[in-house]
Amino acid sequence: MHKGTDRYLPRQQLRRTLTAMAALIALAAVLLAGLSLPVVGIAGLTARVGMSAMTEIPSEFKPTPPSQQSVLYSHDGKEIARFYAENRIVVKLKDMSPWVQKGTIAIEDHRFYEHRGVDLEGMARAIVNNLAGRDTQGASTLTQQLVKNTLIDKGLRAGDMNEVRKAREQSIARKMREAKDALAIEKKLSKDQILEGYLNIAPYGASVYGVESASRYYFSKGAKDLSISEGALLAGMTQSPAKYDPTVHPEAGKNRRDQVLKAMLRERMITYKQYEEAKALKIEDMLKVSHFRQGCAAAGKASYFCAFAVNEIYNNPAFGKSVNDRARLLLRGGLKIYTTMDSDMQEAATDTAFNRIPENDSSGLSVAIASIEPGTGKVRALAQNTPYGNPDEEHPRATETSFGVDKAHGGGAGFQPGSSYKPVTLATWFDNGYSAYSVVGGRTYYSAQDWKISGNCPVHAGSWPLKNASGGNNYATSVVEGTEKSLNTTYAGMAVNLDLCDIYKMGQKMGAVSGDPNVKEDFGPSFIIGAASIPPLNMANAFGTIASGGNRCTPIALEKVTDSEGKNLKVPSANCKRTIDEKVANKTAQVLVSTANSYGGRVSIGRQVMAKTGTTDGPKAAWTVGATPNLATAVWVGFSQGGNRHLAGIYINGSYYGVVWGNTVPAMAFREYMA
């Protein structure tokens with residue numbers, strides 16, 4: 001015997017080979033027993049790890065639908081955006097080209113319709129390859145691959161990375177568990193169901209999963225329309241999606257496609273003529289790539305509404321115990337999310353925002369528009385004059401912060417509403433039995449002793465030297481006149497006859513509240529004319545409370561959400577309830593209709609509307625807020641980045657403004673949108 005001979009295997013390779021052969025014998029025993037008898041009589045032939053794997057795990061494996069895209073829809077049924085961790089669209093087998101089915105079977109598991117989940121012939125071939133030090137490809141059947149991919153997907157959906165690692169580990173124990181589950185699946189599902197499951201879960205490239213998404217991505221067509229060559233190209237990719245991606249490695253993709261075509265020819269799935277014709281097609285001529293964007297950044301004009309709706313899911317325990325759980329459900333749960341957004345209103349709001357103040361206007365001003373339906377709390381539109389996303393060279397003002405909403409929905413505390421807050425004081429006035437024609441005001445100074453404060457509210461008494469925005473008019477007026485002219489002196493005269501805590505609580509009842517409950521503000525008497533921070537959506541909601549006859553609702557964006565199996569999930573409630581006496585709401589509305597009429601057509605929309613403008617000190621922000629019985633809208637204009645810049649002596653969209661009052665740019669935007 002020569003020393004150089006290779007008749008003997010190295011000890012480690014021999015041990016590995018014997019273990020693999022033992023596993024094959026164990027599998028054969030189980031297969032022959034049909035899972036009805038325990039594996040006995042082969043002691044000493046199988047490794048302990050293999051035996052424990054076969055006897056300890058349950059034999060009942062339950063296939064589950066794979067991770068799917070979630071889709072967000074408008075109230076009128078239009079698609080807004082898609083969300084996914086894996087770009088997958090699940091379809092039935094009948095909606096998949098027969099060529100991708102045949103190609104997959106030919107290259108991955110040509111005995112698919114003959115075995116019962118585990119192919120001993122393939123396992124034997126794998127052992128021979130293992131002995132020779134070659135790749136062990138071909139050892140797993142499509143059924144086994146379905147098991148593996150399903151276990152990985154289950155782990156990812158549950159956020160259990162330990163389960164993911166177990167499903168991916170390269171060990172005989174894992175292969176034994178996988179084989180046992182494959183045998184169990186074959187007892188429960190037909191071959192076509194197994195093939196359908198595999199073709200829906202298999203990877204076909206970076207973030208592209210399932211043949212439907214793969215077909216749309218690579219060829220811009222549905223999977224049912226794939227040709228022989230296209231089906232073969234996709235069938236070949238699943239073994240190594242990165243290696244055979246035709247957009248990155250066209251030569252490797254072509255060679256793999258040709259291997260699949262050759263396998264299809266060998267299995268007599270195609271004729272030699274079909275083989276030649278399919279093989280002759282150039283990869284670059286076949287591809288028609290469609291790049292898909294996902295998430296709210298891809299929602300176009302509806303991006304900020306989209307972000308509000310997504311935060312409705314993130315904030316709601318009904319969609320998962322933690323934010324991470326809710327995010328996984330959104331990205332993997334195949335949700336159908338039906339929202340309150342009206343696509344026509346949303347488009348009009350976005351167009352108006354950019355028309356009035358272009359994205360990169362020299363003024364640097366921002367505008368936000370928020371609309372809500374009175375009496376239901378349904379948010380119909382959210383828009384602003386910035387692109388959604390992160391700033392870059394082309395869009396330096398892009399942001400994911402929504403100026404129109406509260407912190408919980410992607411915004412912040414809000415902005416001072418100025419005189420547009422006066423309807424809160426007006427409603428309190430009526431709630432205390434006073435008349436719209438009472439004559440009050442005329443004073444320009446109040447001391448701390450003038451105010452009444454009772455109960456628990458964040459308001460303190462203090463001195464208040466005041467003036468009217470336009471100067472002068474320091475005389476007593478009726479409440480109607482004082483509202484139409486927005487006289488601070490009139491409203492201070494009203495407030496001194498009221499309890500300041502009642503005014504504060506009226507704001508809470510109407511929905512004119514801060515967007516950040518964690519910010520503790522301490523107000524002086526001037527809060528009665530809009531010194532608090534309130535998001536535009538909350539101001540719109542306050543006017544909606546008036547327009548609905550005193551019914552306040554929590555703003556909502558979700559109408560219905562179903563999971564991948566069509567089950568309804570609980571959505572946030574608007575919790576609509578009467579918070580203001582109907583007569584009080586109607587009297588407030590009548591004065592605000594009169595006020596809108598006094599603006600000389602600036603807020604005229606072709607039907608009766610109530611409205612109030614507002615301008616804050618500086619001025620630093622300008623507002624127009626108004627409503628009809630079926631739509632309440634707030635328009636805010638200001639510097640979203642803060643600072644001490646003023647809305648005075650400024651060019652906006654090419655026009656010069658000495659002062660940007662609420663009845664200028666905001667009123668024009670309100671009229672353009674609402675009309």
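In this predicted model, five strands line up as an open sheet in the order β2-β1-β5-β13-β14, and the pairing is mixed. The edges belong to β2 and β14 (568-569); each has a single partner strand, so one side of each is left without a neighbour in the sheet. Helix α14 (residues 303-314) packs on this sheet, where it touches β1, β2, β5 and β13. The direction of α14 makes about 50 degrees with that of β2.

**Inside the mixed sheet**

- Start with strand β1 (residues 70-73) and strand β2 (residues 79-83), which pair in the antiparallel sense over four bridges.
- β1 and β2 make up a hairpin, with five residues between the two strands.
- In the turn of that hairpin sits G77, which has a positive phi of about 85 degrees.
- Further along the sheet, strand β5 (residues 336-339) runs antiparallel to strand β13 (residues 558-562), and four bridges join them.
- A handy pair to find here is Y338 and K560: Y338 stands opposite K560 in β13.

- S343 is found in helix α16, which covers residues 343-356.
- Is S343 buried or exposed? S343 has a relative accessible area of 12%, so this residue counts as buried, the cut-off being under 20%.
- Leaving out residues up to four places away in sequence, S343 touches S74, D76 and K78.
- With D76 there is also a polar contact: the side chains of S343 and D76 are joined at 2.2 Å.

**The antiparallel sheet**

- Another open sheet has five strands in the order β7-β6-β18-β17-β16, and here the pairing is antiparallel.
- β7 (379-384) and β16 (610-615) stand at the edges with a single partner strand each, so one side of each is left without a neighbour in the sheet.
- On average, and with direction ignored, neighbouring strands of this sheet are turned by 10 degrees against each other.
- Strand β6 (residues 366-372) pairs with β7 in the antiparallel sense over five bridges.
- To spot that pairing in the 3D view, find I369, which stands opposite A383 in β7.

**A pair of helices**

- Helix α11 (residues 250-266) and helix α12 (residues 272-280) have axes that come within 10 Å and cross at roughly 175 degrees.
- Angles over 145 degrees count as roughly antiparallel, and α11 and α12 are therefore roughly antiparallel to each other.
- Which residues of α11 meet α12? They are R257, D258, L261, K262 and L265, and they meet Y272, Y275, A278 and K279 in α12.
- The residues of this contact divide into five nonpolar, no polar and four charged.

**The whole chain**

- Stepping back, the chain has 23 helices and 20 strands.
- Of the 675 residues of the chain, 53% count as buried.
- How much of the contact count comes from residues 24 or more positions apart? Among contacts in the chain with a separation of 6 or more, such residues account for 70%.

Terms used: Residues are numbered from 1 along each chain as its sequence is written. This is a predicted model: local features need pLDDT of at least 70, side-chain atom pairs count only at pLDDT 80 or more; totals for chains, interfaces and linings use all residues. Side-chain values use heavy atoms; hydrogens and water are left out. Buried means under 20% relative accessible area, exposed over 50%, partly exposed in between (1.4 Å probe, protein chains only). A polar contact is a pair of N or O atoms within 3.5 Å; within protein, one must be able to donate a hydrogen and the other to accept it, and residues adjacent in sequence count only if both atoms are side-chain atoms. Contact means heavy atoms within 4.5 Å. Two strands pair if DSSP finds at least two bridges between them. Axes are lines fitted to C-alpha atoms, for helices over the stretch in contact, and angles run from 0 to 180 degrees between N-to-C directions. Angles under 35 degrees count as roughly parallel, over 145 as roughly antiparallel, 65 to 115 as roughly perpendicular and the rest as oblique. Ala, Val, Leu, Ile, Met, Phe, Trp, Tyr, Cys and Pro count as nonpolar, Asp, Glu, Lys and Arg as charged, and the others, Gly among them, as polar.
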